[in-house]
Each structure stands twice: as C-alpha cells, then as structure tokens.
Amino acid sequence: MAQWNDYHHEDEDVDGEERDESGVDYKSTGRDSLVFLVDASKEMFIMGEDEEPSPFDMTMQCVRSVYTSKIISSDKDLVALVFYGTEQSKNPRNSFKHVYIYHDLDLPGARRVQDVDGLRGEKGAQVAGETMGSGNTNLGEALWCCSNLYSDIKLRLSHKRLMIFTCRDTPHGGDSERDRQARTKASDLKETGVVIDLMHLMKPGGFDVSLFFCDVVSPPEDEAELGLQMEPCGKLEDLQKRVRAKEMKKRSVARLNLCLGEGMNVAVGVYITALQARKPNAIKLYRDNNEPVRTKTRLYHTQTGSLLLPSDTKRVQVYAGRQIVMEKDEVDVIKKFSDPGLELIGFKPMERLKLHHHLRSAVFIYPEEEMVTGSACVFTALLRRCSVRNVFALCKYTRIRNSPPRFLALVPQKEEVDDGQAQIAAPGFHGIFLPYADDIRTLDTPQLPTASESQVDKMKEIVHKLRFKYRSDAFENPVLQQHYRNLEALALDLMAPEHIEDLTMPNVNMIDQRLGSLAQEFRDLVYPADYNPEGKTAPKRKPAEAAGGTEKKPKVEMSEDELRGHVQKGNLGKLTVPVLKDACKQFGVKVTGTKKQELIDALTAQLTK
C-alpha cells in the first residue's frame with residue numbers, strides 16, 4: 001500500500017497549475033489541417049516598389065513561418081502546399097491541369113521547410129519557374145484537387161482550413177464559365193466543413209474582392225473571428241499577422257454551465273488568454289531506430305509476484321501514527337467538492353478587487369450558444385449590467401471532476417474594434433483567480449533607513465525619464481529562442497544556429513542619453529563622496545603594532561663561529577629555512593635546491609673545509 005497522494009489518475013487534475021490546462025480540448029477532437037493554395041501566375045513574381053519582395057516570395061516566407069511554428073507547437077497537425085496556374089501539372093493521375101501539388105497533406109517536417117526555403121528569393125523564383133512555370137488558371141479544378149486531398153486522409157480531422165494566396169482579383173480573366181465552376185466547387189467544400197480564407201496581396205490598381213472572391217470565401221465562424229478584409233496585404237508583417245489570426249484555432253479549455261440561480265444555467269466556454277511558454281519535455285528514444293519509448297507500469301505482489309489489478313490496491317493516509325486504509329472510490333468521494341461548473345455567489349464593487357489578489361494568469365469566459373440556446377442573450381445582459389454598475393461577479397469555479405474549487409472574480413470587458421471594424425477585444429468576462437484567507441500572509445518588513453524628500457524627488461525624475469510603454473509581445477524569452485534555433489539548425493543541417501538578440505538586456509547607451517546628469521546627481525545625494533560603485537574595494541590591512549605601521553621582523557645574522565659550533569654539535573637541523581638561506585647568502589654558499597636538507601649539506605661542506 002502507498003500514500004494515496006502518490007497516485008495520479010487521468011481524470012484527476014490540479015486546477016492551480018497552468019500547465020495542466022494547456023493541452024485540454026473539450027470542444028473538438030482530432031487533428032487540424034491546413035492547405036496553402038498559392039497562385040503561381042506571372043503576376044505573383046513581379047517585384048514590389050522600393051525593392052519590396054514579390055507576392056510569391058512573401059507567400060513562401062509566410063508558409064515557412066507556419067511550417068516551423070507547427071513543428072514546435074502542434075507537430076501532429078497536417079499541412080499541404082498546392083500551386084495553381086502552373087504550366088506543369090503534378091497531382092494523382094494528373095487529372096487536374098495546371099495544378100501542382102508540392103506537398104501532400106501530411107505532418108510538417110524539416111525536409112518540407114528546406115523545400116520551401118528553396119523557393120524563396122530570386123533563386124527560388126527561378127527554381128519555381130523551371131519546376132512549375134506559369135500557365136492557364138482554373139481555380140475550380142484546384143479546389144477540386146484540394147477536396148481530394150482531404151478525402152484521402154483516413155485520420156479524423158477536427159478542423160479543415162484552406163488559404164488562397166493571390167494578387168489577382170479576377171483569376172479567370174472574365175471567363176464566366178470558369179468563375180461559376182470555381183464558385184460551385186467552393187460551395188461544395190464549405191458544405192464538407194472546409195473553411196476557405198483569402199490572403200490577397202497588393203497589386204497595381206488595387207484588389208477588388210467583390211469581383212469574384214467574396215462568393216468563394218467562407219463567412220466568419222463566430223463573432224470573435226476575423227472576417228474577410230477588404231484591403232490587400234502590402235507588407236510581409238501584415239500577411240503573417242492575418243495568417244496567424246486565421247490559422248490559430250480558438251479552443252476552449254472547458255465548456256461549463258454558469259449557474260445564476262436555481263434552474264437558471266448559461267453555457268459558457270473557458271479560454272486561456274496567456275500561458276507561460278516552457279521548453280518541451282524530453283522524449284526518450286530507442287537507440288536503434290529513434291522511435292519513441294513507450295512505458296507501461298505494472299504492480300506486482302511483493303511476496304507472491306502475482307500481477308495486481310487496480311481493484312487490488314488500497315490507499316493509505318497516515319494520521320496520528322495510524323494507517324487509515326481507504327478504497328479508490330472512497331478517495332474520489334473525499335476529493336469531490338462539487339460538480340464541474342461556475343456557480344454565482346454574488347457581486348462586489350470593482351474597488352474591492354486589489355492587485356495582489358491576482359494569483360495567476362486569468363481565464364476568459366465566453367458564451368456557448370451551441371450547448372444551451374439563449375446563453376448568448378443572457379450572458380450579454382449580465383455583461384452589460386456589470387459594466388454599467390461597475391461591479392464584478394464572484395463565482396465558485398470547479399473545472400473538472402475531483403478538482404478543488406476556486407473563487408473567480410468575473411471582470412466585465414466590452415467589445416473593442418479598430419478603425420477597420422476588426423475586433424481587437426471580444427466581449428466577455430475575465431476570470432481572476434482569488435486567494436483563500438490562508439493564502440494572504442502578513443510580512444514583518446525590516447526597519448530600513450528612510451529616504452529624504454530630496455532623494456525621493458530625484459528618483460521620481462529618473463523614473464519619469466526611463467518610463468516606456470510596455471508590450472509583452474515585444475520581449476521574447478532568449479532561452480527559449482536559443483533552444484529552438486539550435487533545434488532548427490540541427491534539423492535543417494545548418495552550419496550554425498541563427499543569431500538571436502536578447503531584448504531583456506538593458507540598453508545602457510539609451511539610458512545614459514536619457515538620464516544625462518540625473519544619475520550623478522542622485523549618486524551625490526545618496527552615497528558618500530568617496531564611494532566608487534565600479535571600483536574594487538581596498539584590501540584589509542592588519543592593525544599596526546606601532547604608529548609607524550607594521551614592523552618587519554629583523555633578520556637574524558649569525559657569525560661564522562656560531563655556525564661552526566652548530567655544525568660540530570649537529571644542530572643545523574634546528575634552524576629554520578629562512579635562517580639557513582641567509583647564512584648561505586652571508587658566506588657565499590651556492591645552493592641548487594631550496595629544500596632544508598640541501599641547505600644543511602651545502603653549509604656543512606663549506607664550513608668543514
């Protein structure tokens with residue numbers, strides 16, 4: 001029997017740990033899939049103004065970034081790269097003309113990243129021209145080919161997305177028959193659950209979405225998703241931002257009932273807004289084939305050696321020197337406080353919520369209309385009233401079965417949109433994890449010297465000079481970045497990993513430029529005149545025996561008669577090494593070594609002549 005806390009079950013979880021929530025998905029199961037459908041016409045290879053990269057080069061850089069992010073974050077997802085409008089054709093049985101499947105729908109890997117790198121830049125444009133070329137365009141057949149890619153996959157796909165990259169708003173040049181075929185095939189794809197997005201790039205004269213692609217692109221799946229953008233992407237950063245917003249699937253950590261009262265339940269989803277990035281756990285591999293090692297745990301009886309079933313094991317809790325034996329079902333009953341869900345307790349003014357009450361990163365609460373009809377309406381009414389009255393809702397939160405309950409402060413957030421009417425903040429509640437009474441401690445702060453008013457004012461000036469607008473996405477973890485750069489260099493057979501800039505290090509030159517003389521003025525106010533923070537401290541000296549400082553011991557000089565007396569009596573060994581050395585120097589005795597016996601032998605030979 002073992003301690004009952006030592007057992008960990010798949011259905012048990014510690015709600016206070018953020019890492020346990022990162023991999024949970026209650027909304028959908030299966031793998032995500034993404035197909036890049038790229039236009040390979042001649043217009044895509046035209047360089048932009050001011051030496052801007054061509055639309056094709058921007059697309060390849062964007063595809064590469066998605067490939068590498070997939071390898072790091074979700075290597076089980078499927079990705080594919082298909083070109084249309086090519087001269088050559090490469091697809092099963094070449095049944096679709098002017099469609100070139102560069103990568104089948106499969107797992108991302110280092111080899112695929114290297115293939116995409118070969119299509120970047122001027123060299124990449126030449127390789128693409130020699131390999132695929134540019135020819136006629138039939139978007140309908142390209143969509144049909146992508147549909148076959150999805151149908152050939154035997155795995156369960158939870159999310160299917162197709163991204164079209166082009167700089168032509170009329171791909172068929174006004175051919176109404178081909179336009180109709182493309183719209184029909186796009187409609188068939190959307191009926192099978194494929195989400196079609198348009199990543200249109202800048203072209204001379206502007207890109208008019210209403211001419212053709214507005215009937216092809218899928219509408220937003222929910223209010224929080226970014227819809228079809230009318231303005232084309234002119235820079236790589238804008239394109240990558242749009243692709244990242246579309247490619248990242250919003251998944252709820254849990255879907256629960258928010259109980260507002262007896263018989264009044266609202267379905268909500270719990271989302272994580274911020275999660276600490278960590279290095280992935282090490283995976284043990286077989287030495288022979290590099291396959292992952294799978295471990296299995298079996299319990300055996302210590303005396304008979306027979307295999308123990310889960311029902312044969314007991315849980316033990318030591319209390320007052322006694323072992324209290326419990327069954328697994330009894331332990332589960334003890335751990336269960338309430339069913340999973342959110343239960344409204346009451347409302348508190350916003351000023352009652354303090355900064356030190358935040359235990360960890362908050363979660364975001366959003367209604368789930370699919371579970372309970374009318375949840376969005378009730379949720380919106382509650383959100384509006386909390387915003388108007390400036391209060392937060394206090395709830396008891398139980399995420400999963402057998403997890404300890406926590407108190408959440410639901411802080412309302414209104415919807416915010418930018419100038420392009422794109423949503424930058426969704427309406428909902430931020431769930432702030434509140435501490436229990438024993439989590440708040442009273443610390444005995446040590447009594448330190450108090451700064452004077454002039455010192456405080458001078459430091460305020462320094463703080464005001466060094467203030468800047470902080471953005472968390474502007475600072476990357478240098479340890480993580482270096483770790484992934486090393487892995488990338490190893491996987492892609494690079495000579496050396498890509499250099500990273502440590503943005504957490506202070507910019508000393510900029511600080512000195514902003515402060516000017518303020519730093520020296522503050523130093524003069526706080527530290528003594530002879531203080532040197534950059535200098536080395538002087539070595540400590542022993543106190544002098546007299547006013548003149550430390551006196552050296554006088555040399556002991558011995559006459560030749562005294563030395564001869566020591567030699568005759570055999571007492572040279574009683575003298576110290578420094579005295580023997582001085583005697584050798586005094587009488588001009590040459591000594592090859594510095595050992596005591598060598599000094600004695602040399603003096604004896606000199607004085608016995």
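**Notebook: a predicted chain**

I began with confidence, and the chain averages a pLDDT of 82, with 86% of the residues scoring at least 70; pLDDT is the predictor's confidence in each residue, from 0 to 100. I note that this is a predicted model, in which local features need pLDDT of at least 70, side-chain atom pairs count only at pLDDT 80 or more, and totals for chains, interfaces and linings use all residues. I also note that residues are numbered from 1 along each chain as its sequence is written, and that side-chain values use heavy atoms, with hydrogens and water left out.

I looked up where the confidence falls, and over residues 1-17 pLDDT stays under 50, although the model has 46 contacts for them beyond four places in sequence; a contact means heavy atoms within 4.5 Å. Over residues 22-27 pLDDT also stays under 50, and there the model has 17 contacts beyond four places in sequence.

**Nonpolar cores**

Next I turned to the cores, where a nonpolar core is a set of buried Ala, Val, Leu, Ile, Met, Phe, Trp, Tyr and Cys residues joined through side-chain atoms within 4.5 Å. For burial I used relative accessible area, with buried under 20%, exposed over 50% and partly exposed in between (1.4 Å probe, protein chains only). Which residues touch the most other members of the largest nonpolar core? Among its 32 residues they are Leu37, Leu139, Leu162, Ile164 and Phe213. At least two residues of this core come from each of strand E2 (31-39), strand E3 (78-84), strand E4 (99-106), helix H4 (139-151), strand E5 (157-166), helix H5 (176-191) and strand E6 (194-200); helices (H or I, at least four residues) and strands (E, at least two) are DSSP runs, numbered from the N terminus. H4 gives the most to this core, with seven residues.

I then followed Ile164, which, leaving aside its neighbours within four places in sequence, is in contact with Leu37, Tyr84, Leu143, Ile196, Asp197, Leu198, Met199, Phe213 and Val216. Apart from this core lies another, of 31 residues, with Met44, Val79, Leu119 and Leu201 among them.

**Salt bridges**

I counted a salt bridge where a side-chain nitrogen of Lys or Arg is within 4 Å of a carboxyl oxygen of Asp or Glu, and by this rule the count comes to 19. Asp197, already met as a contact of Ile164, forms a salt bridge with Arg161 at 2.2 Å, N to O. Asp197 lies in strand E6 and Arg161 in strand E5, so the pair ties together parts that are 36 residues apart in sequence. Are these two side chains buried or exposed? Asp197 is buried, with a relative accessible area of 1%, and Arg161 counts as buried at 3%.

Within helix H5, Glu177 and Arg180 lie three residues apart, about one turn of the helix, and they form a salt bridge whose closest N and O atoms are 2.6 Å apart. Glu177 counts as partly exposed at 39% relative accessibility, as does Arg180 at 44%. In helix H9 (residues 453-466), Glu461 and Lys458 are likewise three residues apart, and their side chains meet in a salt bridge of 4.0 Å, N to O. Here Glu461 is partly exposed at 37%, whereas Lys458 counts as buried at 15%. I also found Arg64, Asp117, Arg120 and Glu488 linked in a network of salt bridges.

**Aromatic rings**

The structure holds 15 aromatic pairs; rings of Phe, Tyr and Trp (its six-membered ring) pair if their centres lie within 6.5 Å, with planes under 30 degrees apart counting as stacked, over 60 as edge-to-face and the rest as tilted. Phe96 and Trp144 form a tilted pair, 5.8 Å centre to centre and with 55 degrees between the planes. The pair links distant parts of the chain, 48 residues apart, with Phe96 in the loop between E3 and E4 and Trp144 in helix H4. Phe96 is buried at 8% relative accessible area, while Trp144 is partly exposed at 45%. Ring pairs also link Phe45, Phe56, Phe83, Tyr100 and Tyr102 into a cluster.

**Backbone angles**

Finally I checked phi, since most residues other than glycine have a negative phi. Asn290 has a positive phi, near 60 degrees; Asn290 is found in the loop between strand E8 (264-272) and strand E9 (315-319) and is exposed at 53%.
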